[in-house]
Protein chains: 2
Amino acid sequence: MESAAAVPLHAEFQHTLAPRPRPLLRDVSRRQTLCSSCKLRGLCFSEGLDAEALRQIDELVTTRTWLHKGATLFRAGTRFNALYAIRSGSCKTVVLSLDGQGQVAGYHMAGDIIGSDGIGTGVHGCEAVMLEDTEVCALPFQQVEDLSRRNSHVQRNVHRLLSREIARERNIMMLLGTMRAEQRLVAFLLDLSERYQERGYSSREFVLRLTREEIGSYLGLKLETVSRLFSRFQREGLIQVQGRVVKLLDLPTLKQIVSGTTA
Amino acid sequence: MESAAAVPLHAEFQHTLAPRPRPLLRDVSRRQTLCSSCKLRGLCFSEGLDAEALRQIDELVTTRTWLHKGATLFRAGTRFNALYAIRSGSCKTVVLSLDGQGQVAGYHMAGDIIGSDGIGTGVHGCEAVMLEDTEVCALPFQQVEDLSRRNSHVQRNVHRLLSREIARERNIMMLLGTMRAEQRLVAFLLDLSERYQERGYSSREFVLRLTREEIGSYLGLKLETVSRLFSRFQREGLIQVQGRVVKLLDLPTLKQIVSGTTA
DNA sequence: CGCCGTCTTGACGAATCTCAAATAAAGTGG
DNA sequence: CCACTTTATTTGAGATTCGTCAAGACGGCG
(Lines give C-alpha, C1' and ligand atoms only; values in the text may rest on other atoms or scores of the structure.)
Protein backbone atom coordinates (compact mmCIF):
# COMPACT_ATOMS: atom_id res chain seq x y z
CA MET A 1 0.00 0.00 0.00
CA GLU A 2 2.82 2.37 0.67
CA SER A 3 5.37 0.98 -1.76
CA ALA A 4 3.31 2.06 -4.72
CA ALA A 5 3.85 5.69 -3.85
CA ALA A 6 7.42 5.13 -2.78
CA VAL A 7 8.83 3.97 -6.08
CA PRO A 8 8.93 7.25 -8.00
CA LEU A 9 10.27 9.07 -4.99
CA HIS A 10 12.98 6.53 -4.59
CA ALA A 11 13.96 7.03 -8.20
CA GLU A 12 14.12 10.73 -7.57
CA PHE A 13 16.45 10.17 -4.67
CA GLN A 14 18.72 7.92 -6.67
CA HIS A 15 19.09 10.82 -9.01
CA THR A 16 19.89 13.28 -6.27
CA LEU A 17 22.41 10.96 -4.71
CA ALA A 18 24.08 10.02 -7.96
CA PRO A 19 27.84 10.50 -7.75
CA ARG A 20 28.20 13.59 -9.87
CA PRO A 21 30.31 16.69 -9.25
CA ARG A 22 27.64 18.92 -7.79
CA PRO A 23 29.69 21.93 -8.90
CA LEU A 24 28.03 24.82 -7.13
CA LEU A 25 25.67 23.50 -4.58
CA ARG A 26 28.22 21.87 -2.37
CA ASP A 27 30.18 24.70 -0.81
CA VAL A 28 27.22 26.98 -0.67
CA SER A 29 25.16 24.54 1.30
CA ARG A 30 27.87 23.16 3.50
CA ARG A 31 28.72 26.23 5.50
CA GLN A 32 25.59 25.77 7.57
CA THR A 33 25.50 22.02 7.51
CA LEU A 34 28.90 20.98 8.79
CA CYS A 35 28.84 18.16 11.29
CA SER A 36 31.08 20.25 13.48
CA SER A 37 28.38 22.86 13.77
CA CYS A 38 25.41 20.52 13.70
CA LYS A 39 23.06 20.87 16.61
CA LEU A 40 22.70 17.13 16.77
CA ARG A 41 26.38 16.63 17.34
CA GLY A 42 25.90 15.36 20.85
CA LEU A 43 23.60 12.58 19.70
CA CYS A 44 24.95 11.72 16.33
CA PHE A 45 28.13 10.24 15.04
CA SER A 46 30.44 13.06 16.04
CA GLU A 47 29.65 12.62 19.70
CA GLY A 48 32.69 13.33 21.85
CA LEU A 49 35.16 13.90 19.04
CA ASP A 50 37.99 16.42 19.13
CA ALA A 51 38.32 19.27 16.66
CA GLU A 52 40.61 17.36 14.32
CA ALA A 53 38.30 14.37 14.12
CA LEU A 54 35.35 16.65 13.55
CA ARG A 55 37.11 18.25 10.64
CA GLN A 56 37.73 14.86 9.16
CA ILE A 57 34.11 13.91 9.55
CA ASP A 58 33.08 17.14 7.87
CA GLU A 59 35.33 16.11 5.02
CA LEU A 60 33.68 12.75 4.78
CA VAL A 61 30.05 13.80 4.71
CA THR A 62 29.71 15.18 1.24
CA THR A 63 26.21 14.08 0.46
CA ARG A 64 23.13 15.44 2.08
CA THR A 65 19.66 15.02 0.70
CA TRP A 66 16.05 15.77 1.32
CA LEU A 67 13.65 12.91 0.97
CA HIS A 68 9.92 13.26 0.74
CA LYS A 69 7.47 11.53 2.97
CA GLY A 70 7.06 7.96 1.75
CA ALA A 71 10.41 7.90 -0.08
CA THR A 72 12.71 4.93 0.35
CA LEU A 73 16.31 5.66 1.28
CA PHE A 74 17.54 2.13 0.76
CA ARG A 75 15.93 -1.21 0.15
CA ALA A 76 16.56 -4.64 1.58
CA GLY A 77 18.86 -6.59 -0.67
CA THR A 78 20.56 -3.61 -2.25
CA ARG A 79 24.25 -2.97 -1.85
CA PHE A 80 25.39 -1.30 1.34
CA ASN A 81 27.62 1.69 0.71
CA ALA A 82 26.97 4.13 3.47
CA LEU A 83 25.44 4.78 6.83
CA TYR A 84 22.89 7.56 6.95
CA ALA A 85 22.46 10.13 9.65
CA ILE A 86 19.04 11.68 10.00
CA ARG A 87 19.42 15.42 10.18
CA SER A 88 15.78 16.28 10.50
CA GLY A 89 12.55 14.36 10.13
CA SER A 90 12.03 10.67 10.80
CA CYS A 91 11.78 7.28 9.17
CA LYS A 92 10.92 3.68 9.84
CA THR A 93 12.98 0.64 8.97
CA VAL A 94 11.12 -2.37 7.67
CA VAL A 95 12.30 -5.96 7.40
CA LEU A 96 10.66 -8.24 4.92
CA SER A 97 9.81 -11.69 6.15
CA LEU A 98 10.03 -14.83 4.06
CA ASP A 99 6.40 -14.65 3.03
CA GLY A 100 6.70 -11.09 1.78
CA GLN A 101 5.15 -9.52 4.86
CA GLY A 102 6.99 -6.57 6.32
CA GLN A 103 7.57 -5.84 9.96
CA VAL A 104 8.49 -2.41 11.21
CA ALA A 105 11.85 -2.93 12.88
CA GLY A 106 12.61 0.57 14.00
CA TYR A 107 11.51 4.15 14.28
CA HIS A 108 14.28 6.67 13.80
CA MET A 109 14.43 10.38 14.38
CA ALA A 110 16.89 13.25 14.00
CA GLY A 111 20.34 12.32 15.25
CA ASP A 112 19.89 8.61 14.67
CA ILE A 113 22.13 6.74 12.29
CA ILE A 114 20.64 3.97 10.21
CA GLY A 115 21.86 1.30 7.85
CA SER A 116 24.33 -0.38 10.18
CA ASP A 117 22.81 -3.81 9.64
CA GLY A 118 24.34 -3.89 6.18
CA ILE A 119 27.93 -3.73 7.34
CA GLY A 120 28.45 -7.42 7.87
CA THR A 121 27.09 -8.71 4.61
CA GLY A 122 27.55 -5.64 2.44
CA VAL A 123 23.85 -5.78 1.70
CA HIS A 124 21.06 -3.89 3.41
CA GLY A 125 18.90 -6.12 5.53
CA CYS A 126 15.96 -3.78 5.76
CA GLU A 127 14.46 -0.84 3.97
CA ALA A 128 14.21 2.70 5.26
CA VAL A 129 11.04 4.64 4.49
CA MET A 130 10.59 8.29 5.38
CA LEU A 131 7.64 9.18 7.58
CA GLU A 132 7.82 12.87 6.74
CA ASP A 133 10.03 15.10 4.64
CA THR A 134 13.44 14.27 5.96
CA GLU A 135 17.03 15.37 5.51
CA VAL A 136 19.75 12.75 5.68
CA CYS A 137 23.55 12.83 5.62
CA ALA A 138 25.38 9.97 3.93
CA LEU A 139 28.48 8.58 5.62
CA PRO A 140 30.29 6.47 3.00
CA PHE A 141 31.29 3.47 4.99
CA GLN A 142 34.58 2.81 3.26
CA GLN A 143 35.71 6.23 4.36
CA VAL A 144 34.33 5.75 7.83
CA GLU A 145 36.42 2.62 8.13
CA ASP A 146 39.52 4.39 6.86
CA LEU A 147 39.06 7.26 9.25
CA SER A 148 38.34 4.95 12.12
CA ARG A 149 41.67 3.24 11.57
CA ARG A 150 43.43 6.55 11.82
CA ASN A 151 41.49 7.95 14.73
CA SER A 152 40.66 5.85 17.74
CA HIS A 153 37.89 8.20 18.85
CA VAL A 154 36.15 7.68 15.58
CA GLN A 155 36.74 3.97 15.91
CA ARG A 156 35.18 4.07 19.32
CA ASN A 157 32.17 5.85 17.91
CA VAL A 158 31.71 3.28 15.20
CA HIS A 159 31.73 0.58 17.83
CA ARG A 160 29.35 2.49 20.02
CA LEU A 161 27.03 2.97 17.12
CA LEU A 162 26.90 -0.73 16.33
CA SER A 163 26.70 -1.78 19.93
CA ARG A 164 23.89 0.62 20.59
CA GLU A 165 21.94 -0.92 17.77
CA ILE A 166 22.46 -4.33 19.36
CA ALA A 167 21.20 -3.00 22.68
CA ARG A 168 18.22 -1.35 21.02
CA GLU A 169 17.19 -4.53 19.31
CA ARG A 170 17.73 -6.50 22.45
CA ASN A 171 15.29 -4.24 24.23
CA ILE A 172 12.72 -4.88 21.57
CA MET A 173 13.34 -8.61 21.89
CA MET A 174 12.62 -8.32 25.60
CA LEU A 175 9.54 -6.33 24.85
CA LEU A 176 8.22 -8.83 22.33
CA GLY A 177 9.25 -11.83 24.32
CA THR A 178 8.06 -10.95 27.79
CA MET A 179 5.54 -8.12 27.74
CA ARG A 180 1.83 -8.10 27.22
CA ALA A 181 0.15 -5.78 24.73
CA GLU A 182 -0.54 -3.16 27.37
CA GLN A 183 3.08 -3.07 28.51
CA ARG A 184 4.44 -3.01 24.99
CA LEU A 185 2.48 0.03 24.00
CA VAL A 186 3.40 1.92 27.14
CA ALA A 187 7.06 0.97 26.71
CA PHE A 188 6.85 2.32 23.19
CA LEU A 189 5.37 5.60 24.34
CA LEU A 190 7.92 6.02 27.10
CA ASP A 191 10.75 5.29 24.69
CA LEU A 192 9.49 8.01 22.39
CA SER A 193 9.08 10.34 25.32
CA GLU A 194 12.66 9.84 26.37
CA ARG A 195 14.05 10.28 22.91
CA TYR A 196 12.09 13.46 22.30
CA GLN A 197 13.39 14.79 25.57
CA GLU A 198 17.00 14.03 24.58
CA ARG A 199 16.39 16.12 21.51
CA GLY A 200 14.97 19.04 23.40
CA TYR A 201 11.31 18.43 22.61
CA SER A 202 8.49 17.90 25.04
CA SER A 203 8.57 14.52 26.67
CA ARG A 204 4.91 14.81 27.62
CA GLU A 205 3.31 15.61 24.31
CA PHE A 206 4.28 14.58 20.82
CA VAL A 207 2.98 13.54 17.44
CA LEU A 208 3.10 9.91 16.41
CA ARG A 209 4.53 9.61 12.97
CA LEU A 210 3.47 5.99 12.65
CA THR A 211 -0.01 4.74 11.88
CA ARG A 212 -1.72 2.37 14.30
CA GLU A 213 -0.87 -0.41 11.93
CA GLU A 214 2.82 0.47 11.91
CA ILE A 215 2.92 0.77 15.68
CA GLY A 216 1.24 -2.61 15.87
CA SER A 217 3.70 -4.13 13.48
CA TYR A 218 6.59 -2.75 15.49
CA LEU A 219 5.14 -4.11 18.72
CA GLY A 220 3.94 -7.43 17.39
CA LEU A 221 0.27 -6.46 17.73
CA LYS A 222 -2.68 -5.84 15.44
CA LEU A 223 -3.80 -2.31 14.73
CA GLU A 224 -7.13 -2.90 16.46
CA THR A 225 -5.35 -3.87 19.63
CA VAL A 226 -3.26 -0.72 19.52
CA SER A 227 -6.34 1.40 18.95
CA ARG A 228 -8.26 -0.27 21.78
CA LEU A 229 -5.37 0.25 24.16
CA PHE A 230 -5.09 3.91 23.30
CA SER A 231 -8.79 4.29 24.00
CA ARG A 232 -8.53 2.41 27.26
CA PHE A 233 -5.51 4.38 28.48
CA GLN A 234 -7.41 7.51 27.70
CA ARG A 235 -10.48 6.33 29.61
CA GLU A 236 -8.21 5.55 32.55
CA GLY A 237 -6.72 9.02 32.43
CA LEU A 238 -3.20 7.83 31.70
CA ILE A 239 -2.85 9.56 28.37
CA GLN A 240 -4.78 11.79 26.06
CA VAL A 241 -5.00 10.82 22.40
CA GLN A 242 -6.31 12.84 19.53
CA GLY A 243 -5.48 11.00 16.34
CA ARG A 244 -1.69 11.00 16.28
CA VAL A 245 -1.20 13.60 18.97
CA VAL A 246 -0.42 11.96 22.28
CA LYS A 247 -0.13 13.55 25.68
CA LEU A 248 1.23 11.53 28.58
CA LEU A 249 -0.76 12.45 31.67
CA ASP A 250 0.31 10.01 34.35
CA LEU A 251 3.94 9.08 33.95
CA PRO A 252 4.29 7.29 37.30
CA THR A 253 1.50 4.88 36.52
CA LEU A 254 2.73 4.40 32.98
CA LYS A 255 6.15 3.48 34.28
CA GLN A 256 4.59 1.05 36.71
CA ILE A 257 2.73 -0.63 33.89
CA VAL A 258 5.95 -1.28 31.97
CA SER A 259 7.72 -2.61 34.99
CA GLY A 260 4.85 -5.02 35.56
CA THR A 261 4.11 -3.74 39.03
CA THR A 262 0.50 -3.24 38.05
CA ALA A 263 -0.67 -6.80 38.63
CA MET B 1 16.56 -21.05 40.57
CA GLU B 2 19.75 -21.44 38.64
CA SER B 3 21.66 -18.49 40.02
CA ALA B 4 22.00 -20.11 43.41
CA ALA B 5 24.23 -22.81 42.01
CA ALA B 6 26.03 -20.44 39.69
CA VAL B 7 27.57 -18.19 42.29
CA PRO B 8 30.37 -20.38 43.59
CA LEU B 9 31.30 -21.47 40.11
CA HIS B 10 31.47 -17.94 38.99
CA ALA B 11 33.82 -17.15 41.83
CA GLU B 12 35.99 -20.02 40.72
CA PHE B 13 36.18 -18.62 37.25
CA GLN B 14 37.07 -15.17 38.48
CA HIS B 15 40.02 -16.80 40.10
CA THR B 16 41.07 -18.63 36.98
CA LEU B 17 40.78 -15.55 34.85
CA ALA B 18 42.54 -13.24 37.27
CA PRO B 19 45.36 -11.37 35.57
CA ARG B 20 48.31 -13.19 37.03
CA PRO B 21 51.51 -14.35 35.28
CA ARG B 22 50.53 -17.96 34.69
CA PRO B 23 54.26 -18.83 34.56
CA LEU B 24 54.27 -22.36 33.20
CA LEU B 25 50.86 -23.16 31.93
CA ARG B 26 50.80 -20.71 29.14
CA ASP B 27 53.30 -21.91 26.59
CA VAL B 28 52.62 -25.52 27.30
CA SER B 29 48.97 -25.18 26.60
CA ARG B 30 49.16 -22.83 23.71
CA ARG B 31 50.85 -25.00 21.13
CA GLN B 32 47.64 -26.88 20.54
CA THR B 33 45.27 -24.01 21.08
CA LEU B 34 46.50 -21.32 18.75
CA CYS B 35 43.78 -19.54 16.86
CA SER B 36 45.78 -20.10 13.71
CA SER B 37 45.42 -23.83 14.14
CA CYS B 38 41.96 -23.83 15.63
CA LYS B 39 39.45 -25.95 13.82
CA LEU B 40 36.85 -23.28 14.31
CA ARG B 41 38.88 -20.71 12.46
CA GLY B 42 36.44 -20.52 9.60
CA LEU B 43 33.57 -19.62 11.88
CA CYS B 44 35.21 -17.62 14.57
CA PHE B 45 36.99 -14.34 14.73
CA SER B 46 39.96 -15.26 12.56
CA GLU B 47 37.75 -15.91 9.55
CA GLY B 48 39.48 -14.92 6.35
CA LEU B 49 42.59 -13.42 7.90
CA ASP B 50 46.06 -13.64 6.39
CA ALA B 51 49.00 -15.31 8.14
CA GLU B 52 50.27 -12.11 9.69
CA ALA B 53 46.91 -11.18 11.15
CA LEU B 54 46.48 -14.68 12.48
CA ARG B 55 49.79 -14.44 14.27
CA GLN B 56 48.69 -11.21 15.85
CA ILE B 57 45.45 -12.76 16.99
CA ASP B 58 47.37 -15.66 18.49
CA GLU B 59 49.37 -13.07 20.38
CA LEU B 60 46.25 -11.43 21.68
CA VAL B 61 44.42 -14.47 22.98
CA THR B 62 46.33 -15.25 26.13
CA THR B 63 43.52 -16.42 28.31
CA ARG B 64 41.62 -19.62 27.85
CA THR B 65 39.46 -21.19 30.49
CA TRP B 66 37.22 -24.09 31.19
CA LEU B 67 33.90 -23.29 32.78
CA HIS B 68 31.63 -25.80 34.38
CA LYS B 69 28.04 -26.27 33.46
CA GLY B 70 26.00 -23.59 35.19
CA ALA B 71 28.95 -21.24 35.61
CA THR B 72 28.57 -17.59 34.73
CA LEU B 73 31.17 -16.08 32.42
CA PHE B 74 30.03 -12.50 32.88
CA ARG B 75 27.08 -10.81 34.50
CA ALA B 76 24.88 -7.98 33.39
CA GLY B 77 26.09 -4.72 34.83
CA THR B 78 29.72 -5.78 35.25
CA ARG B 79 32.51 -4.08 33.41
CA PHE B 80 33.15 -5.12 29.84
CA ASN B 81 36.77 -5.98 29.16
CA ALA B 82 36.80 -8.68 26.57
CA LEU B 83 34.87 -10.60 23.98
CA TYR B 84 34.77 -14.34 24.47
CA ALA B 85 35.05 -16.99 21.82
CA ILE B 86 33.51 -20.34 22.61
CA ARG B 87 36.02 -23.04 21.80
CA SER B 88 33.90 -25.98 22.80
CA GLY B 89 30.63 -26.40 24.61
CA SER B 90 27.73 -23.97 24.66
CA CYS B 91 26.08 -21.25 26.68
CA LYS B 92 23.02 -19.07 26.87
CA THR B 93 22.88 -15.33 27.27
CA VAL B 94 20.22 -13.96 29.56
CA VAL B 95 18.91 -10.41 29.82
CA LEU B 96 17.32 -9.32 33.02
CA SER B 97 14.12 -7.35 32.69
CA LEU B 98 13.11 -4.51 34.95
CA ASP B 99 11.12 -6.74 37.23
CA GLY B 100 14.02 -9.11 37.77
CA GLN B 101 12.75 -11.73 35.36
CA GLY B 102 15.29 -13.05 32.91
CA GLN B 103 14.76 -13.76 29.26
CA VAL B 104 17.05 -16.04 27.31
CA ALA B 105 18.44 -13.82 24.58
CA GLY B 106 20.70 -16.22 22.81
CA TYR B 107 22.04 -19.72 22.50
CA HIS B 108 25.70 -19.91 21.57
CA MET B 109 27.89 -22.78 20.51
CA ALA B 110 31.50 -23.45 19.55
CA GLY B 111 32.86 -20.79 17.22
CA ASP B 112 30.45 -18.10 18.40
CA ILE B 113 31.74 -14.93 19.97
CA ILE B 114 29.78 -13.40 22.80
CA GLY B 115 29.88 -10.24 24.86
CA SER B 116 29.66 -7.75 22.00
CA ASP B 117 26.71 -5.95 23.53
CA GLY B 118 29.02 -4.47 26.14
CA ILE B 119 31.15 -2.53 23.70
CA GLY B 120 29.05 0.56 23.49
CA THR B 121 28.53 1.19 27.17
CA GLY B 122 31.56 -0.59 28.58
CA VAL B 123 29.18 -2.65 30.68
CA HIS B 124 27.78 -6.07 29.90
CA GLY B 125 24.11 -5.95 29.07
CA CYS B 126 23.42 -9.60 29.67
CA GLU B 127 24.86 -12.56 31.49
CA ALA B 128 26.39 -15.65 29.94
CA VAL B 129 25.68 -18.99 31.60
CA MET B 130 27.29 -22.23 30.49
CA LEU B 131 24.96 -25.04 29.46
CA GLU B 132 27.68 -27.68 29.70
CA ASP B 133 31.37 -27.74 30.51
CA THR B 134 32.74 -25.19 28.11
CA GLU B 135 36.08 -23.77 27.01
CA VAL B 136 36.28 -20.09 26.16
CA CYS B 137 38.99 -17.83 24.77
CA ALA B 138 39.12 -14.24 25.97
CA LEU B 139 39.76 -11.50 23.43
CA PRO B 140 40.71 -8.40 25.42
CA PHE B 141 38.80 -5.72 23.60
CA GLN B 142 41.31 -2.95 24.04
CA GLN B 143 43.80 -5.06 22.15
CA VAL B 144 41.25 -6.03 19.56
CA GLU B 145 40.64 -2.37 18.92
CA ASP B 146 44.35 -1.65 18.66
CA LEU B 147 44.91 -4.49 16.28
CA SER B 148 41.90 -3.55 14.22
CA ARG B 149 43.36 -0.09 13.68
CA ARG B 150 46.53 -1.63 12.35
CA ASN B 151 44.94 -4.31 10.23
CA SER B 152 41.94 -3.59 8.08
CA HIS B 153 41.05 -7.28 7.79
CA VAL B 154 40.75 -7.48 11.52
CA GLN B 155 38.75 -4.29 11.48
CA ARG B 156 36.45 -5.80 8.94
CA ASN B 157 35.99 -8.83 11.13
CA VAL B 158 35.10 -6.74 14.13
CA HIS B 159 32.48 -5.00 12.07
CA ARG B 160 31.18 -8.25 10.71
CA LEU B 161 30.96 -9.64 14.18
CA LEU B 162 28.89 -6.75 15.44
CA SER B 163 26.76 -6.55 12.38
CA ARG B 164 26.05 -10.25 12.49
CA GLU B 165 24.79 -9.84 16.01
CA ILE B 166 22.46 -7.11 14.82
CA ALA B 167 21.17 -9.37 12.09
CA ARG B 168 20.74 -12.26 14.51
CA GLU B 169 18.70 -10.18 16.90
CA ARG B 170 16.70 -8.76 14.07
CA ASN B 171 15.73 -12.26 13.06
CA ILE B 172 14.56 -12.98 16.55
CA MET B 173 12.58 -9.76 16.53
CA MET B 174 10.86 -10.93 13.37
CA LEU B 175 10.24 -14.29 14.93
CA LEU B 176 8.74 -12.82 18.06
CA GLY B 177 6.83 -10.12 16.24
CA THR B 178 5.24 -12.05 13.42
CA MET B 179 5.30 -15.79 14.02
CA ARG B 180 2.94 -18.05 15.88
CA ALA B 181 4.14 -20.51 18.49
CA GLU B 182 4.31 -23.35 16.01
CA GLN B 183 6.44 -21.37 13.58
CA ARG B 184 8.73 -20.07 16.29
CA LEU B 185 9.63 -23.48 17.54
CA VAL B 186 10.28 -24.84 14.07
CA ALA B 187 12.37 -21.80 13.21
CA PHE B 188 14.37 -22.45 16.34
CA LEU B 189 14.95 -26.09 15.42
CA LEU B 190 15.95 -25.25 11.87
CA ASP B 191 18.35 -22.60 13.12
CA LEU B 192 20.01 -25.15 15.35
CA SER B 193 20.08 -27.64 12.53
CA GLU B 194 21.85 -25.20 10.26
CA ARG B 195 24.37 -24.20 12.85
CA TYR B 196 25.21 -27.77 13.74
CA GLN B 197 25.72 -28.48 10.09
CA GLU B 198 28.11 -25.54 9.71
CA ARG B 199 30.13 -27.09 12.50
CA GLY B 200 30.24 -30.49 10.92
CA TYR B 201 27.64 -32.15 13.11
CA SER B 202 24.46 -33.83 12.03
CA SER B 203 21.81 -31.39 10.94
CA ARG B 204 19.12 -34.00 11.41
CA GLU B 205 19.71 -35.12 14.96
CA PHE B 206 21.06 -33.21 17.92
CA VAL B 207 20.77 -32.69 21.64
CA LEU B 208 18.97 -29.65 22.99
CA ARG B 209 21.07 -28.03 25.63
CA LEU B 210 18.22 -25.83 26.79
CA THR B 211 15.31 -26.88 28.97
CA ARG B 212 11.76 -26.45 27.72
CA GLU B 213 11.52 -23.43 29.93
CA GLU B 214 14.64 -21.85 28.44
CA ILE B 215 13.48 -22.57 24.91
CA GLY B 216 10.16 -21.00 25.81
CA SER B 217 11.84 -17.96 27.26
CA TYR B 218 13.93 -17.57 24.13
CA LEU B 219 10.88 -17.86 21.90
CA GLY B 220 8.49 -15.82 24.01
CA LEU B 221 6.41 -18.87 24.94
CA LYS B 222 5.61 -20.82 28.10
CA LEU B 223 7.26 -24.15 28.72
CA GLU B 224 3.95 -25.98 28.48
CA THR B 225 3.40 -24.59 25.01
CA VAL B 226 6.83 -25.76 23.92
CA SER B 227 6.23 -29.20 25.35
CA ARG B 228 2.84 -29.52 23.70
CA LEU B 229 4.25 -28.48 20.36
CA PHE B 230 7.03 -31.04 20.58
CA SER B 231 4.43 -33.70 21.30
CA ARG B 232 2.26 -32.58 18.45
CA PHE B 233 5.11 -32.44 15.93
CA GLN B 234 6.03 -35.94 16.97
CA ARG B 235 2.45 -37.17 16.54
CA GLU B 236 2.45 -35.61 13.08
CA GLY B 237 5.69 -37.36 12.19
CA LEU B 238 7.64 -34.16 11.66
CA ILE B 239 10.19 -34.80 14.35
CA GLN B 240 11.11 -37.39 16.93
CA VAL B 241 11.72 -36.22 20.49
CA GLN B 242 13.13 -38.17 23.36
CA GLY B 243 13.75 -35.76 26.20
CA ARG B 244 16.37 -33.44 24.79
CA VAL B 245 17.33 -35.54 21.83
CA VAL B 246 15.63 -34.29 18.71
CA LYS B 247 15.56 -35.82 15.28
CA LEU B 248 14.17 -33.86 12.37
CA LEU B 249 12.21 -36.23 10.17
CA ASP B 250 10.43 -34.08 7.61
CA LEU B 251 12.53 -31.08 6.71
CA PRO B 252 10.43 -29.97 3.74
CA THR B 253 7.29 -29.70 5.83
CA LEU B 254 9.16 -28.05 8.67
CA LYS B 255 10.46 -25.42 6.29
CA GLN B 256 6.99 -24.86 4.98
CA ILE B 257 5.71 -24.26 8.46
CA VAL B 258 8.24 -21.50 9.09
CA SER B 259 7.52 -19.80 5.81
CA GLY B 260 3.83 -19.79 6.68
CA THR B 261 2.83 -21.75 3.63
CA THR B 262 1.03 -24.22 5.84
CA ALA B 263 -2.19 -22.26 6.19
C1' DC C 1 -18.60 17.24 -1.74
C1' DG C 2 -17.26 12.62 -1.97
C1' DC C 3 -13.50 9.36 -1.94
C1' DC C 4 -9.98 6.89 0.47
C1' DG C 5 -7.01 5.77 3.97
C1' DT C 6 -7.08 5.67 8.88
C1' DC C 7 -9.12 4.92 13.15
C1' DT C 8 -12.63 3.20 16.50
C1' DT C 9 -15.63 -0.14 18.42
C1' DG C 10 -18.22 -4.50 18.95
C1' DA C 11 -18.88 -9.51 18.85
C1' DC C 12 -16.84 -13.75 18.41
C1' DG C 13 -13.23 -17.25 18.15
C1' DA C 14 -8.63 -19.09 18.37
C1' DA C 15 -4.12 -19.25 20.30
C1' DT C 16 -1.78 -19.22 24.22
C1' DC C 17 -1.39 -18.89 29.25
C1' DT C 18 -2.51 -20.49 33.96
C1' DC C 19 -3.22 -23.76 37.26
C1' DA C 20 -2.88 -28.43 38.59
C1' DA C 21 -1.53 -33.12 38.78
C1' DA C 22 0.97 -37.07 37.25
C1' DT C 23 5.17 -38.98 35.26
C1' DA C 24 9.96 -39.12 33.93
C1' DA C 25 14.63 -37.90 34.42
C1' DA C 26 18.60 -36.19 36.78
C1' DG C 27 21.20 -35.42 40.76
C1' DT C 28 22.63 -36.72 45.78
C1' DG C 29 24.15 -39.07 49.69
C1' DG C 30 24.76 -43.23 51.64
C1' DC D 1 24.40 -49.10 42.98
C1' DC D 2 20.17 -47.95 45.30
C1' DA D 3 16.79 -45.07 47.58
C1' DC D 4 15.53 -40.53 47.83
C1' DT D 5 15.13 -35.74 46.55
C1' DT D 6 14.81 -32.42 43.26
C1' DT D 7 14.04 -30.83 38.83
C1' DA D 8 12.18 -31.31 34.24
C1' DT D 9 8.52 -32.82 31.29
C1' DT D 10 3.95 -34.12 29.84
C1' DT D 11 -0.91 -33.60 29.70
C1' DG D 12 -5.54 -31.87 30.85
C1' DA D 13 -9.17 -28.32 31.77
C1' DG D 14 -10.44 -23.80 32.09
C1' DA D 15 -9.38 -18.70 31.82
C1' DT D 16 -7.50 -14.83 29.33
C1' DT D 17 -5.57 -12.24 25.92
C1' DC D 18 -5.37 -11.05 21.61
C1' DG D 19 -6.64 -11.69 16.75
C1' DT D 20 -10.32 -11.82 13.19
C1' DC D 21 -14.17 -10.10 10.90
C1' DA D 22 -17.24 -6.47 10.22
C1' DA D 23 -19.39 -2.03 10.39
C1' DG D 24 -19.25 2.66 10.94
C1' DA D 25 -16.89 7.31 12.02
C1' DC D 26 -13.41 10.55 11.15
C1' DG D 27 -10.42 13.45 8.47
C1' DG D 28 -7.56 14.95 4.71
C1' DC D 29 -7.41 15.91 -0.08
C1' DG D 30 -8.52 16.34 -4.85
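Which helices of chain A and chain B each supply at least two residues of the surface near DNA strand C? I looked this up first, counting a residue as near a strand if its C-beta atom, placed from the backbone, lies within 6 Å of it. They are helix H7 (212-219) and helix H8 (223-235) of chain A, with helix H6 (181-198) and helix H8 (223-235) of chain B. Helices (H or I, at least four residues) and strands (E, at least two) are DSSP runs, numbered from the N terminus.

The model is predicted: local features need pLDDT of at least 70, side-chain atom pairs count only at pLDDT 80 or more, and totals for chains, interfaces and linings use all residues. Residues are numbered from 1 along each chain as its sequence is written, and chains are lettered from A and ligands numbered from 1 in the order in which they are written.

**DNA strand C.** I found 21 residues around DNA strand C, with Thr211(A), Ser227(A), Ser231(A), Arg180(B) and Thr225(B) the closest. H8(A) gives the most to this surface, six residues. By class I noted six nonpolar, six polar and nine charged residues. Here Ala, Val, Leu, Ile, Met, Phe, Trp, Tyr, Cys and Pro are nonpolar, Asp, Glu, Lys and Arg charged, and the others, Gly among them, polar.

**Helix H7(A).** I checked burial next (buried: 20 or more other C-beta atoms within 10 Å of a residue's own; exposed: 12 or fewer; partly exposed in between; C-beta atoms placed from the backbone). Six of the eight residues of H7(A) are buried, so this helix is largely enclosed by the rest of the structure. The buried ones are Glu214(A), Ile215(A), Gly216(A), Ser217(A), Tyr218(A) and Leu219(A). Just after H7(A), Gly220(A) has a positive phi of about 70 degrees.

**Strand E11(A).** I then followed strand E11 (residues 245-248) of chain A. Strands pair if DSSP finds at least two bridges between them. Strand E9 (residues 205-207) of chain A runs antiparallel to E11(A), joined by three bridges, and Val207(A) stands opposite Val245(A). Strand E10 (residues 239-242) of chain A pairs with E11(A) in the antiparallel sense over four bridges, with Val241(A) opposite Val246(A). The hairpin of E10(A) and E11(A) has two residues between the strands, and Gly243(A) takes a positive phi near 65 degrees.

**Two copies.** I superposed the copies by least squares on the C-alpha atoms of residues with pLDDT of at least 70 in both. Chain B can be laid on chain A with an RMSD of 0.0 Å by a turn of 180 degrees and a shift of 0.0 Å along the axis. That is the relation of a two-fold axis. In chain B, the C-alpha of Arg149(B) is nearest the axis, 2.1 Å from it.
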